[in-house]
Amino acid sequence: MKSKQLVTVLCLFVLTMGFAQDQEVSNIQEFTPSKLLRKGQWDIKFFNSIYTQTEQTDEGSESRTIDRQTFFTNTTEIFTGVSKNSRVNVGAVFQFRSNTLGGQGALDVFSFEDNGNDRRSGLTTIAPAIRVQPFRSLSTFSFTTSFIIPVFEDKPDSVEDDVFSFLDQRSFAWETKFFYDHTFGGNKWQIFTEVDFKYNFGEKSSDADGSQENLSERFANNSLFLPLSAFLSYFPTSKSTVFVNAQQAFLIDLGNDFAQNGTQLGFGGKYQLTKILNIEASFGKFVRGDNFQGLGQTFSLGLRALF
């Protein structure tokens, strides 16, 4: 009889521990982009995305077929907490890109070649950054501001078979992102919103010397990039989430005689692999746009370490 009681107690203990662990708040629930790190904490994120397109709008909003263009981007973010009250973080963001133009296969970006024309590859930007939670009473509202510095070589446009050389925007930029999230429904649902203001400045493409400088990489200089994003997440367990998202982005002309906008819809998921690591995968599709907006798809995979 005692052995049966002992087995019953042990079973109840295991079930209770399993339930308690599932009720714990995981990093993917707690540390959204809105939530800042505690002093001494580190957050390292490797985010990889492939955007590929065979459609693009004309000067209006009509779709037209183009030769495939594919752009791979690795974004590495490193931040740490520096304030005792968890309201200031500092860090840096690095971007590495590999692009293929002119109808090459989507996976050719992984050759990481740079021929100065239809294949370009390299470290493109470095951005020192600071994150701030401005209101003590609102821990799920914060902003990140960074100064983006282009570090890649300025190669002149080399036109072969109507393909223009392009690696990244040839812009110094000041970017500020505002984040807010709200959890509801017994910690099962979360809404996250983001508003970005990215001011690109530098020489206008019409003023550049095409024999010495890259004109196509200057298309966004003297403009404001303004994407508005929203994510709705559902947590089946404390260690996993699925989400849908929407984004409306505007490129506003501030002197370069070029404006653009596009709408993207997507979905994805995250999973807490260990106490430190979580993984994220997502898909996005541009469903509309105007003025040479691409109508392609984005496939993304990220790994985050928080300790």
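These legends walk through a few close-ups of aromatic rings in a predicted model. Local features need pLDDT of at least 70 and side-chain atom pairs count only at pLDDT 80 or more, while totals for chains, interfaces and linings use all residues. Residues are numbered from 1 along each chain as its sequence is written, and side-chain values use heavy atoms, leaving out hydrogens and water.

View 1. Rings of Phe, Tyr and Trp (its six-membered ring) pair if their centres lie within 6.5 Å; planes under 30 degrees apart are stacked, over 60 edge-to-face, and the rest tilted. F71 sits in strand β2 (residues 63–81) and F166 in the loop between β5 (141–150) and β6 (172–184), so the pair ties together parts 95 residues apart in sequence. Strands are DSSP runs of E, at least two residues long, numbered from the N terminus. F71 is buried, at 16% relative accessible area; buried means under 20%, exposed over 50%, and partly exposed in between (1.4 Å probe, protein chains only).

**View 2. F267 and F283 make a tilted pair.** F267 belongs to strand β10 (residues 260–272) and F283 to strand β11 (residues 277–290), 16 residues apart. F267 is partly exposed at 49%, and F283 is partly exposed at 25%.

**View 3. Ring pairs build a cluster.** Y51, F71, F166, F219, F258 and F286 are linked this way.

**View 4. R131 lies over the face of F79.** R131 is 3.6 Å from the ring centre.

How values were computed: Helices (H or I, at least four residues) and strands (E, at least two) are DSSP runs, numbered from the N terminus. A charge sits over a ring if NZ of Lys or CZ of Arg is within 6 Å of the ring centre and within 35 degrees of the ring normal.
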